[in-house]
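Student: I have a structure on my screen and would like to talk it through. Could we start with the terms?

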Amino acid sequence: MVDATPTPVMVCGVGGKMGRATASAVVRRDGFELIPTALGKGRAGVVDVDGVAVTVIDVDAEDGEAVLKKAMETYPGLIVVDYTLPESVNANGELYVKCGVPFVMGTTGGDRDALLREVKASGNYAVIAPQMGKQVVAFQAAMKLMAEQFPGAFAGYTLTVTESHQSSKKDTSGTAKAIVASFNDLGCDFDVSQIELVRDVENQTGRMGVPEEHLLGHAFHTYRLTSADGTVSFEFQHNVCGRSIYAEGTVDAVGFLKRKVDAKDSKTLYDMIDVLKEGAMN
Ligand SMILES: NC(=O)C1=CN([C@@H]2O[C@H](COP(=O)(O)OP(=O)(O)OC[C@H]3O[C@@H](n4cnc5c(N)ncnc54)[C@H](O)[C@@H]3O)[C@@H](O)[C@H]2O)C=CC1
Ligand SMILES: O=C(O)C1=N[C@H](C(=O)O)C[C@H](O)C1
């Protein structure tokens, strides 16, 4: 029998740009319910998400663990989505593990190795990925596959990576970092510190071609490979305007995770390539 109960979702960081976009996608999508409570930082209050009034509880003022546990009791089967900030990633991951709540971590940055290690060791269900957009995840997966199939194929090539995002983005793109890891396996000697970050309007609208109306929300990435003698070059580019591609993918990830929890799957830690492989992305 199909379970008709909607999956309850708490969106931590709902006061921010991605949290708001994701909460809105949860409200729009059948089979999901946005719960009216969320954890926030320094911004207590009520956020209206398309008619759902979400009370944001400031983790600096109240006990986040108690808030989460209460929400888990009130909304059995709760799944948390995290779109907070790089400096909160590890502490939030630890909090969700401590409470035993399944979660989708879209937030980038922090100590990724520690996050993945600790969540995996805990056996807590989670999807953790720096990129939730279906087609970009497919590109990411293709680069990973190429590196697995043809390791070293681009040895001797010079790689340059340029990523442009809204000026409020402080960290280097987590997606670009993940793709650089595949280029490293393909033989390119490149460190993520060499990624060029474009955050100023002049370069964004000029060199990168970002439409003015998307200066506050875009992700334009270019990966360029050039052979040692300069006679051969490759360019991979993905340009995203707005945030709906990530918000929709996040809801797909919540649905995927819910099915894994219900099935008591022996694997508990996933990324978006797992979600894509299962055909679980709209
Ligand atoms: N995985 C993906 O596909 C995507 C990931 N992102 C990532 O999402 C993150 C958020 O980005 P934006 O929404 O643009 O940032 P933002 O600055 O607009 O929003 C962050 C929100 O999180 C809140 N916050 C900070 N620490 C918190 C904590 N400990 N607990 C609860 N709330 C907390 C802030 O008060 C703010 O409301 C970034 O790491 C970004 O790279 C963004 C787009 C897509
Ligand atoms: O902060 C953003 O906006 C984005 N963050 C993610 C990243 O760091 O790669 C995904 C996308 O680039 C948008």
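Tutor: Two strands pair if DSSP finds at least two bridges between them. Helices (H or I, at least four residues) and strands (E, at least two) are DSSP runs, numbered from the N terminus. This is a predicted model, where local features need pLDDT of at least 70, side-chain atom pairs count only at pLDDT 80 or more, and totals for chains, interfaces and linings use all residues. Residues are numbered from 1 along each chain as its sequence is written.

Student: How many bridges join E3 to strand E5?

Tutor: Strand E5 covers residues 52-58, and E3 runs parallel to it. The number of bridges joining E3 to E5 is 4.

Student: What is the strand order of the open sheet of 3 strands?

Tutor: Pairing in this sheet is mixed. Strand E3 (37-40) and strand E4 (45-49) each pair on one side only, as edge strands. The order is E3-E5-E4.

Student: Are H1 and H8 parallel or oblique to each other, and why?

Tutor: Helix H1 (residues 17-28) and helix H8 (residues 244-262) pack at an angle of about 55°. Angles run from 0 to 180 degrees between N-to-C directions, with axes fitted to C-alpha atoms, for helices over the stretch in contact. Under 35 degrees counts as roughly parallel, over 145 as roughly antiparallel, 65 to 115 as roughly perpendicular and the rest as oblique. H1 and H8 are therefore oblique.

How values were computed
Chains are lettered from A and ligands numbered from 1 in the order in which they are written.
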